Amino acid sequence: MPTTEDQIRQTLVQYFQTDQLLGLKEVPIRLPQPRATAPHATGMAQTTRETQTAAEVGGKSERLRLLDEKQVKTCTKCALSQTRTNTVFGQGNPDARLVFVGEAPGFYEDRQGVVFVGRAGELLTRMIVAMGLTREQVYICNVLKCRPPNNRDPAPNEIAACSPYLFEQLSVIEPEVIVALGAPAAKTLLQTTQSIGRLRGQFHNFHCSGVEGVGPATPLMPTYHPAYLLRNQAQKAKVWSDLQAVMRQIGLPLPK
Ligand code: URA
Ligand code: SF4
C-alpha cells in the first residue's frame, strides 16, 4: 500500500502530465476534485487560460482522449506493456453519472482494445440494462489498462503504476456514483485491505485525490465481479441488491 504522500504525489504528477498536453503553463493550486465548482458559480471572474482547471480548458472528452492516446497507449510503466496486444482505456459517456470499475482486460478485451466484451462483459451489459441504462450512458473502465498474462491477478506494482490513470479518469468524469466490480477495484479505490465480502452492500467514500479527507467524497458501492458471478450464481441476488441501492442513490426507478 503506498503511503499517503506517495499517493498524493503520484496523483498530482499524473494530473499535471495531462495539463501539459492541454497546454496549461501553470500548475493549478488545488488537487483534482470531483464536482469542482465552476468558476462562474463562485462569482469569481476567471479569464486567463492559466487559472482555469484542466477539465475546463480541454473539456472532459479531450482530456480523456489525451490521457488515452498520448499516455496510456504508449505506456511502459510496468511489464504488462511487453505482453499486451492492445491497451484498454475505457468506454462510455465522459459525462456519465455512473462509472463501473473492473479489474483488468481479459483475452477478448486485449484482442479488441475494448473494455468488458468477453463473457463477463456480456453479463455486465445485462446488469446495466437491468438497471434501465445502456453501456453508452455509463462509463466503464478497469484498474489495469493492460492484460495480465493468463488473466492472473494484478500484482501490487502493476496496480501502483497504473492506478494514477484510473484516478485521473474518475476525477475528469466526476460521476455521482462509482461501482467497484470485484476486490482489486474496491481495494484500489478505497485503499483498504478488507475483503469484498465485507465491503459490498454499502456505500463507502471514494476520494479521487486517493487520500481520505482530501477533496470531496463520491459514494462508491463495491460488489462482486461479473466473472465471479458466472461461477457463483448464488451471489446474484446480492449483486442485484447492491445495484438497486445504486439506482436509489441516483434516482432511477426501481422495478416493482
Ligand atoms: N474483466 C474485467 O475486470 N474487465 C474487463 O474489461 C473484462 C473482464
Ligand atoms: Fe502502463 Fe498500466 Fe499498461 Fe502497466 S498496465 S503498462 S502501467 S497502462
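Colleague: A cavity is a set of points, on a 1 Å grid over the protein atoms alone, where a 1.4 Å probe fits but cannot get out. Which ligand sits in the largest cavity here?

Modeller: Ligand 2 does; "sits" needs more than half of its atoms within 2 Å of the grid points. This is a predicted model: local features need pLDDT of at least 70 and side-chain atom pairs 80 or more, while totals for chains, interfaces and linings use all residues. Side-chain values use heavy atoms, without hydrogens or water; residues count from 1 along each chain, and ligands from 1 as written.

Colleague: Which residues surround ligand 2?

Modeller: Among them are Cys 75, Cys 78, Cys 146 and Cys 162, plus Lys 77, Arg 84, Lys 145 and Tyr 165, each with a heavy atom within 4 Å.

Colleague: New topic: what's the strand order in the sheet?

Modeller: E1-E3-E2-E4-E6-E5, an open sheet with mixed pairing. Strands are DSSP runs of at least two residues, and a pair takes at least two bridges.

Colleague: Which strands stand at the edges?

Modeller: E1 (91-92) and E5 (204-207); each has a single partner, so one side lacks a neighbour.

Colleague: How do E2 and E3 run?

Modeller: Parallel, joined by 4 bridges, with Gly 102 opposite Asn 142 in E3.

Notes
1 Å grid on protein atoms, 1.4 Å probe; cavity = no way out; pocket = protein on both sides within 12 Å on 5 of 7 lines; lining within 4 Å.
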